[in-house]
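Subject: Structure handover

Hello,

Here is the structure I promised you. Please open it first, then read my notes below.

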Amino acid sequence: MMRRLLVSLVLLVLAACASEQAAMTAENVHIPQPVPGVSMGAAYLTLTNNSDQEISITRVSSPNLTSVEMHESTLQAGVSRMAKLQKVAIAPRQSVVFEPGAKHLMLRYPAQMPNQITLQFFADDALLLSIDTILED
Amino acid sequence: MDSRKYFIVIVALLAIVTGTWMSVRVFSPPPQLQTATRLPAPTELAEFSLLDQGGEPFTRASFKGRWSLVFFGFTQCPDVCPLTLQVLAKARQLLVSEELDELPRIVLVSVDPERDTPEIIGQYVTHFGDDTLGITGELSEVRKLTDGLGVYFEKSAVDGDNYSVDHSAVVIVTNPDGQFHALFGAPHVAENFAHDLPILMSTE
C-alpha cells in the first residue's frame, strides 16, 4: 500500500515537471552549411526566457565542434565590425534573436564535419538548455 | 465609308499611337537609382598588384572589360561576408531577366591576406557562383586599392590569438573602363542591386 502510494506520488511529480515549460527555449534554429574549406560558420536561433527571472547566458559549447562563441556583428558608419559577447542577458518573458548581421553564434568546425550538432547554453556552470540540430543542406 | 475616309482614320490612329509612344519615350523621366550612389564622374583606380585565386597577377587593368561588384571581406568571417556574397549572387540571378549584354561579375578582395591565400579564397568564392573572383596578395598592395576607394579595414582582437577584421561593408561598382563608377552602402538587399544595376550599366 505504502509502495503504491509512493509510486503514485513520484508519477504525479514527474507529470507536473513535464507539463511545466522549461525556463529557456529555442526556436527557429538554423545552421547554414559553412562554405567548403572554411572552418568557421554561424548559427542562428531565437532564445526565449519563459521564467520570471533574468537569464544570463555566459557560455555556449558543443561536443561536436571545436568551439562556439557568442558574437555580434554591427554596422557603424558603414563599417562592419564583429565582437565577442561575454554574456547575453534575456529579460523575463522576453526573447533574444540571433540573426544574420546581428547577434549570432560563431561555430568553429573540426576537420571532420559533423552531421548533427548539439548546442549547450550555460549560465556559468549551470546548463540552461541543450538542443540537437542538423546542418542545413 | 469610302476608302479615303478609311485612310484618314488609319493615319489618325497611327498619329495617336506614335505620339503616345514618343511622349512615353521622350518625356518620361528616366528610371531613378534607389540605393546606389553614382559618382559625378568615374575615377581611376590606384595602381596595385594582387593575385587572383589562380595565383595570376590581378592589377588595375584586370578590372577593364567587365562591370564588377567589388566587396572587401575575408574567409574567416562567419556572418556578414557570406551573407553579402549570397546577396550579390542572388542579385545576379535576378538580373538574368533583364536585357543586359553581360552580368556583372563579383569580386571579393581579401582584407585578411595573412590567412587568405589564393587557394583558400579561390575555394571560398567558388561557393558563390562561377563568375566570382577571389583576390588577395600583399597587405600593402591591398591598402593601395582600398585607400583609393575610401575603403577602411583594420584587424581587431577577438580572443587570444584569434582576430577578426573590421571592414567597410560597401560594395563598389567598377565599369568596363576599370573605373570606380558607383557604390552601394550596407545593409545590402539583392532587389536593390537588381533595380539599380541596369540603370548604372546603361548610362556609362
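A term first: a residue is called buried if 20 or more other C-beta atoms lie within 10 Å of its own, and exposed if 12 or fewer do. Keep in mind that this is a predicted model.

**Helix 4 of chain B**

Start with helix 4 of chain B, residues 139-149. Its buried residues are B:Glu141, B:Val142, B:Leu145 and B:Thr146. They span an arc of only 130° around the axis, so they sit on the same side of helix 4 of chain B. In general, an α-helix has 3.6 residues a turn, so residues three or four places apart point the same way. The other side of helix 4 of chain B has B:Ser140 and B:Asp147, which are exposed.

What do the buried residues of helix 4 of chain B pack against? The answer is four strands of chain B: strand 2 (49-52), strand 4 (68-73), strand 5 (105-110) and strand 7 (153-159). Just after helix 4 of chain B comes B:Gly150, with a positive phi of about 70°.

**Chain B overall**

Chain B has five helices and 10 strands. Its radius of gyration is 23 Å, whereas the globule rule gives 17 Å for 204 residues, so chain B is more spread out than a compact globule. The C-alpha trace of chain B spans about 95 × 30 × 25 Å along its principal axes. Of the 204 residues in chain B, 40% are buried. Take the contacts in chain B between residues at least 6 apart in sequence: 68% of them join residues at least 24 apart.

One peptide bond to check is the one from B:Ala186 to B:Pro187. It is cis, with omega near 0°. B:Pro187 lies in the loop between strand 10 (179-184) and helix 5 (190-202) of chain B.

**Where the chains touch**

The contact takes 19 residues from chain A and 24 residues from chain B. On the chain B side, helix 2 (80-95), helix 3 (118-126), strand 7 and strand 8 (162-168) each supply at least two residues. Strand 8 of chain B gives the most to that side, with four residues.

**Confidence in chain A**

Chain A averages a pLDDT of 87, and 85% of its residues score at least 70. Residues 5-19 of chain A need care. There pLDDT stays under 50, and the model has zero contacts beyond four places in sequence for that stretch. Where pLDDT is low, the predicted coordinates should not be read in detail.

**Strands of chain A**

Strand 2 of chain A (residues 40-49) has several antiparallel pairings. With strand 1 of chain A (residues 24-30), the pairing runs over five bridges. Here A:Met24 stands opposite A:Asn49 of strand 2 of chain A. With strand 9 of chain A (residues 103-108), strand 2 of chain A pairs over four bridges. A:Gly41 stands opposite A:Leu107 in strand 9 of chain A. With strand 8 of chain A (residues 95-98), strand 2 of chain A also has four bridges. In strand 8 of chain A, A:Val96 is the bridge partner of A:Leu47.

Chain A also has an open sheet of three strands. The order is 4-10-11, with antiparallel pairing. Strand 4 (59-61) and strand 11 (126-134) of chain A stand at the edges with a single partner strand each, so one side of each has no neighbour in the sheet. Neighbouring strands of this sheet are turned by 20° against each other on average, direction ignored. Strand 4 of chain A pairs with strand 10 of chain A (residues 116-123) over three bridges, in the antiparallel sense. A:Ser61 stands opposite A:Gln120 in strand 10 of chain A.

**Positive phi in chain A**

A:Asn28 has a phi near 50°, a positive value in a residue other than glycine. A:Asn28 is in strand 1 of chain A. A:Asn28 is exposed, with 11 other C-beta atoms within 10 Å.

A:Ala77 is not a glycine either, yet has a positive phi of about 50°. A:Ala77 is in the loop between strand 5 (67-76) and strand 6 (79-84) of chain A. A:Ala77 has 6 C-beta neighbours inside 10 Å and so counts as exposed.

Best wishes

Terms used. Residues numbered from 1 in each chain as written. Chains lettered and ligands numbered in written order. Predicted model: local features only at pLDDT ≥ 70, side-chain atom pairs only at ≥ 80, totals over all residues. pLDDT = per-residue confidence, 0-100. Contact = placed C-beta atoms within 7 Å. Arc of directions from axis to C-beta. Pairing = 2+ DSSP bridges. Axes fitted to C-alpha atoms, helices over the stretch in contact; angles between N-to-C directions. Rg over C-alpha atoms; globule rule 2.2 N^0.38 Å.
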